[in-house]
Amino acid sequence: MALLEYEALSISLPGTARPVLDGIDLTVRAGEVVALVGESGSGKSVTARAALGLFPAGATVGGRVRVEGTDLVGADAAELRTVRTGTASMIFQDPRAGINPVRRIGDFLTEPLRLVHRWSRERANARALELLAAVGLPDPVRHLRQFPHELSGGMLQRVMIAGALTVEPRLLLCDEPTTALDVSTQAEIMAVLGRLQRERDLGLLLITHDIDLAAAACDRIYVMYAGRIVETATTAELFAAPRHPYTAGLLGSTPPLTAPEGPPARLIPIPGAPMGLLDSAPGCAFAARCRFAAPGLCDQSPPPLELHGTALVACHRADELVDAQPNTLMREDS
Amino acid sequence: MTTPGAPEARTLLQVSGLRKTYRSGASELVAVDDLSFTLTAGGALGIVGESGSGKTTTARMLIGLERPDAGQILVQGEPLAATVRGKAARLARAKAVQIVFQDPYLSLDGRISIGATLDGVLRLHGHRDPAARAARSRELLAQVGLGERESASLPRKLSGGQRQRAAIARALAVEPAVLVLDEAVSALDVSVQAQVLNLLTDIRRSTGIGLVFVSHDLAVVRYVCDEALVLYRGRTMEHRPVADLLNSPGHPYTQLLLASVPRPGWDPDSISSRRRELAGPR
Ligand SMILES: Nc1ncnc2c1ncn2[C@@H]1O[C@H](COP(=O)(O)OP(=O)(O)OP(=O)(O)O)[C@@H](O)[C@H]1O
Ligand code: SF4
Ligand SMILES: [Mg+2]
């Protein structure tokens with residue numbers, strides 16, 4: 001049984017032209033670090049929140065999301081509580097948004113243990129100290145008495161990680177946990193997450209728009225576009241041979257850090273902009289921006305996610321493009 | 001970019017010995033210390049560093065939003081006025097340096113269309129003929145890849161990338177000698193960011209505008225800039241051609257910054273311990 005398993009999860013909101021999520025299939029096993037990559041508005045956060053049984057108000061939900069076998073679509077209050085206060089925890093982009101600014105760090109960390117799990121104050125405090133040390137904060141005893149504004153963004157994100165671990169989850173959902181931080185602090189936070197993940201054999205879903213971060217930190221990557229998974233493969237494979245034109249486009253748009261001598265090769269942006277919820281396309285959602293779009297094919301039914309080699313790809317032309325070299329896929333004129 | 005044998009490029013910006021301190025109670029924070037650099041026509045300088053290193057304070061001094069405690073800023077040989085009195089002085093300073101922030105709403109008026117914003121800027125800067133202004137507006141928008149539809153739109157009706165390109169068009173309408181970009185592409189999706197980066201590269205080549213590009217993203221700086229200056233706690237660690245800097249970072253802080261960028265073989269554990277060593281005991 002997978003730790004986290006999405007099966008054709010679809011979410012629609014009233015008054016929109018396309019589903020927020022459209023048939024999401026995604027799996028995270030225990031001990032696995034998986035990335036979900038995509039641009040703003042593609043549906044990454046909605047996907048992550050669904051794993052805690054949090055769905056947008058007024059949404060129509062279809063399909064399944066199972067956490068250790070419990071389906072959160074239509075789960076009852078007791079089941080939801082078990083998952084949210086036991087199995088799964090979430091870490092968000094902005095640590096300051098997730099913490100009450102006028103309460104002490106100690107209260108933030110111990111309250112769930114005392115109120116939900118009925119621990120004594122002493123026992124909860126001891127656990128909080130242990131966790132603050134585990135996330136590498138220098139002075140746990142002092143931090144317990146501090147207020148959020150007394151800590152830097154990086155330190156506060158460590159507190160949030162400690163908070164996510166109080167309930168000893170098996171699954172950690174990290175929604176852009178380092179986007180608000182500078183690169184060196186990002187590395188520190190990823191080091192903490194990586195260490196805890198290995199020590200506790202956690203399943204970790206890392207949500208990010210940074211494909212390089214996903215590649216550096218994860219075993220497997222899912223690429224999302226306009227509410228659909230368009231490709232998933234191992235990190236190595238995805239970078240060596242992106243199969244979906246959108247994946248290739250993302251790689252072609254990302255400036256490389258190191259390049260051969262001389263001026264860097266010109267980037268190849270994907271024309272246009274990501275599709276909003278008020279836009280829809282009858283076939284492939286990427287067709288309006290895709291230079292491989294074929295009339296009569298790509299504007300028909302949405303492409304299904306199918307196995308090509310060891311990657312899953314949703315593209316009507318994947319068979320033809322599968323043999324194309326990555327640089328051909330990324331080149332301006334095909 | 002200078003080619004060998006070409007005449008020396010015109011100097012746009014000369015910054016020397018810039019210093020800014022902030023006081024709060026008895027303590028004093030040196031936000032920027034002894035910063036000096038020169039920018040020539042068509043040049044692009046990247047300013048990189050972690051948060052709190054003094055990047056934004058520098059950008060704010062360059063556009064006169066913050067008054068340095070010491071040092072000098074010369075734009076095309078003229079000192080950047082510390083205070084501006086009267087319309088002529090204000091327009092002159094606007095023509096010297098323009099800025100684009102991470103948040104495009106800071107430079108666009110949310111109540112009027114993009115086209116009306118551009119028209120207003122052009123009128124302010126002495127373009128009298130409405131037909132000529134309209135033509136110039138179209139040209140500026142075309143330069144940043146926007147058309148009639150976007151021109152007629154309110155800022156909030158545009159996507160983030162379109163809005164940021166509109167903010168750039170607004171800055172270019174002033175025809176400044178220097179354009180400062182403070183994390184101006186950081187919030188954009190990569191596919192859209194790539195459009196803006198190519199745009200900046202093209203404008204620089206075609207107009208000779210000088211760019212000061214403030215960013216925490218070394219790869220983006222590598223793409224846009226010829227030179228980069230690394231700030232750490234307000235001090236300049238190194239200032240070199242960007243390719244050299246990346247190939248052989250000299251200062252331990254630059255090495256750390258470079259190692260921090262995620263890529264294959266990335267080792268966040270070693271980055272953490274190196275960072276602690278560098279920070280030393282507090
Ligand atoms: N509670 C909600 N009610 C209505 N619409 C919502 C709600 N939550 C999300 N949406 C919409 O669903 C779409 C997907 O949003 P989501 O937040 O998942 O994107 P994302 O991929 O996380 O983007 P980002 O990278 O900007 O965080 C967006 O168009 C968003 O505006
Ligand atoms: S299905 Fe067609 S439009 Fe969509 S990505 Fe594939 S080639 Fe492009
Ligand atoms: Mg999100």
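Contact here means that heavy atoms lie within 4.5 Å. Keep that in mind for the residues I will show you. One caution: this is a predicted model.

Let's start with the annotation. An unreviewed UniProt entry marks residues 4-251 of chain A as "domain: ABC transporter". That span is 41% helix and 24% strand. Its end C-alpha atoms are 28 Å apart.

Now Phe108(A). You will find Phe108(A) in helix H3, residues 105-116 of chain A. Which residues does Phe108(A) touch, leaving aside those up to four places away in sequence? They are Gly98(A), Ile99(A), Val159(A), Met160(A) and Gly163(A). Ala57(A) is 51 residues from Phe108(A) in sequence. In space the two are 27 Å apart, C-alpha to C-alpha.

Next, Arg158(A). Arg158(A) belongs to helix H6, residues 153-165 of chain A. Arg158(A) has a relative accessible area of 9%. Buried means under 20%, so Arg158(A) is buried. Beyond residues up to four places away in sequence, Arg158(A) touches Val135(A), Gly136(A), Leu137(A), Glu188(A), Ile189(A) and Val192(A).

Last stop: ligand 2. Where does ligand 2 sit? In the largest cavity. The residues around ligand 2 include His244(A), Pro245(A), Cys284(A), Cys290(A), Cys298(A), Cys315(A), His316(A) and Arg317(A). Phe286(A), Ala287(A), Phe292(A) and Ala293(A) also belong to that surrounding set. By class, the shell has nine nonpolar residues, two polar and one charged.

Key:
Residues numbered from 1 in each chain as written. Chains lettered and ligands numbered in written order. Predicted model: local features only at pLDDT ≥ 70, side-chain atom pairs only at ≥ 80, totals over all residues. Heavy atoms only, no water. UniProt positions renumbered as here; feature names shortened; annotations may be inferred. Helix = DSSP H or I, 4+ residues; strand = E, 2+ residues; numbered from the N terminus. Near = heavy atom within 4 Å. 1 Å grid on protein atoms, 1.4 Å probe; cavity = no way out; pocket = protein on both sides within 12 Å on 5 of 7 lines; lining within 4 Å. Sits in = over half its atoms within 2 Å of the grid points. Nonpolar A, V, L, I, M, F, W, Y, C, P; charged D, E, K, R; others polar. Buried < 20%, exposed > 50% of the residue type's maximum accessible area, 1.4 Å probe, protein only.
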